[in-house]
Amino acid sequence: MSNVPAIDRSSRWKAVRSEVGRAVGALVIALAVAFIVVMLTSKAPFEALDVLLTQIPQRPRTIGLWLDDVAKLTITGLAFSLVFQARQFSMGVQGQVYMGALAASYVALSPIGTTWAGIPLGIVAAMIAGGFWGFIPGIAKAKLGANEIVSSLMLNYIAIEIVNLMVRTNLPKPQPGVLTTNDFPATSVFPRLFDNDWLSIPRLDIGLLLAIAAVGAVWFALYRTSWGLKLRLVGHNPQFAEYSGIRSTFIMVSAMTVSGALGGLLGSMFVQGQSYGMLIVLFEGNLAFEGILVAIVARSRPLAVPVVALFYGYLRQGAQLMNIRTDVPAEVIGVVTAIIILLVSSSFSLNFIKRWFKRSSAAAPAPATAGGAAK
Amino acid sequence: MMELFITVFSAAFFVTLIRTTTPLLLATMGGLIADLSGALNVALEGMMLTGALTAVLVSTIPGVPWYVAVLAGMGAGAVLGLLMAFFAYRLKADIILVGFAINILAAGGTVFALAMATGGDKGTSINLPSQAIPAVNLSFLSGIPVIGPTLTAFLSGHSVLSWVAAFSVFLVWYFLYRTPWGLWLRGVGEYPAAPEAAGIPVEKIRTLSLIASGALAGLGGAQLAMFNYVGFTRDMTAGRGFIALGAVLLGARHPVGALLAALLFGTFEAFVVVLPGLFNWIPPEVIRMIPFVVTILALVLFSVRAQRALALRAAK
């Protein structure tokens, strides 16, 4: 890094600043829209907003829920970042989460689960299962030309049904008829991170460490290995990559497989984490798809993913609290999510808003300024 | 196995098949128009869902006839299409990301609106008195000698929208291949630089086709929530929009091919309806998986064929 010219570094900071500005601008607009929706529908809108924005830091329990969500959002954000950097629109993280969770549950509920190996083997099994589930749409696209969007989405639905089936018929469960498995043995559940006299945060487990490690690993793989360079080349300019002799199909399939392994890891974090410690049908609560937002706002940069996850996880948990304590359903956050994705993935910028206002207030268009801003 | 054959070739199964195919077919036609104009519409799922909820909620207003509710569902889909076009073309966002944003918006927004309309129920609209689309009664066909009763059994009792969907295939075909605007649309999708140079407004055509696409998907949603089931349930489209997208790709981007693909997937959805009664030893989860597995298999098999054709063409 020492030989990076100063001018390059300052322009990089400028880019970071403008990206942050865009993200904050999008967040403000999205929250404003959500605020209008809450105002129109809630009997106590200000109370709802107060719960949404200020309640989390006040109790260790809600802080634990928030940070637990941040860890999970980071992983799904990384999984989407990897495939987005290779310009593949594989949408299969949800299915990979379910397959990973299933594999981890089989390990945890087997005799291995009662030994020290329950946690590491559970994680490995989950990553293999998730990787396999990510490999299928990859190889189907590379070898057979099947559209990865459709096939990965179909695999999501299939994975959910497989988990439903296995929980209902095959895995050991406390009593017939319930759609959960037995509690995992304590040796297979992630230990809590802070569990002592002076600091005790419920729900927060070593999944957070896994998430931090994953950020480092994905960053290293993308920016410090030749595989990562090839992957980014394939994503940025597939024709150039092809001409320079990069086997783009291999990169494509491997990116989807690694992304799938991350999805599988997330599955293990769900079921082996403090939040469940067992496998329940439909456990994932649509968190996996929210990785799209995290990846887009982070511009698919691994180091930015946890930062975005921190903010988005706060909103997500705030919405859950609002759902419990006020009359506003948590689903209002879907509106916020969609608006942020729309604004951040578009050429929306603060300049654009300024121009728009200028254009609508003064009827005379100013092509010169518009052209300048477009540059 | 014998029971399955008897069931599959019965008139009742045919009626079920048409019922399950109709929403898929409408969404597929919508996806086809967008895809041919060069705008891959991955938001069909969200548009169907929004159309379904809008149709149900409008139909609960006293004094509103059913067709107004259906039109409202169509309108809701069209608005989402316009929104998609605005972000994709005016604000230059990636159309696939925009599509998924619309899906997220629809998944959250419909549950939110449902909870508001029902006073807190986030699951179904079962407590709201919503209307159904009437079935078309063709029992007068029984008067025809010999084949009359069979004709009635097969053709009577379908939703009005099933006939609309069947007609829409012809309409879309006629529009695409027999009108100048259809030629423009296909040209814009095939090679946008040429129509651009000829002065054809590329983005305007794509915007219009996304609006039409949304309207058709919304219509499919209305069929789902006002005929197949009466009332809205959360996530009731259950991947049908994505299956429709698969049908567009499978159908070789032609209306007739899309019709056949939608019929194929509709048949397997009809299996999901009838199989539990016939084979109670098959786990219901496996039966529910069938349409998704078939979609992947069909996509893979078709892509192999398409690639071989491409390779052959290149070899010549």
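**View 1. The interface of chain A and chain B in the predicted model.** Between them, chain A and chain B bury about 4000 Å², and carbon and sulfur atoms account for 78% of this area. On the side of chain A, the residues that lose the most area to chain B are Met154(A), Glu331(A) and Leu342(A), which together make up 16% of what that side buries. In terms of contacts, 46 residues of chain A meet 44 residues of chain B.

**View 2. Salt bridges and polar contacts across the interface of chain A and chain B.** Four salt bridges are found between the two chains. One salt bridge joins the side chains of Glu161(A) and Arg288(B), with an N to O distance of 3.0 Å.

**View 3. Helices of chain A that touch chain B.** At least two residues each are supplied to this side by α1 (6–41), α5 (118–144), α6 (148–169), α11 (291–297) and α13 (332–345) of chain A. The largest share, 13 residues, comes from α6(A). By residue class, the side of chain A that touches chain B comprises 29 nonpolar, eleven polar and six charged residues.

**View 4. The fold of chain A.** Chain A contains 15 helices and zero strands. Of its 375 residues, 52% count as buried. Among contacts in chain A between residues at least 6 apart in sequence, 76% link residues at least 24 apart.

Conventions:
Residues are numbered from 1 along each chain as its sequence is written. Chains are lettered from A and ligands numbered from 1 in the order in which they are written. This is a predicted model: local features need pLDDT of at least 70, side-chain atom pairs count only at pLDDT 80 or more; totals for chains, interfaces and linings use all residues. Side-chain values use heavy atoms; hydrogens and water are left out. Contact means heavy atoms within 4.5 Å. Buried area is the accessible area (1.4 Å probe) that two parts lose on being put together, summed over both. A polar contact is a pair of N or O atoms within 3.5 Å; within protein, one must be able to donate a hydrogen and the other to accept it, and residues adjacent in sequence count only if both atoms are side-chain atoms. Helices (H or I, at least four residues) and strands (E, at least two) are DSSP runs, numbered from the N terminus. Ala, Val, Leu, Ile, Met, Phe, Trp, Tyr, Cys and Pro count as nonpolar, Asp, Glu, Lys and Arg as charged, and the others, Gly among them, as polar. Buried means under 20% relative accessible area, exposed over 50%, partly exposed in between (1.4 Å probe, protein chains only).
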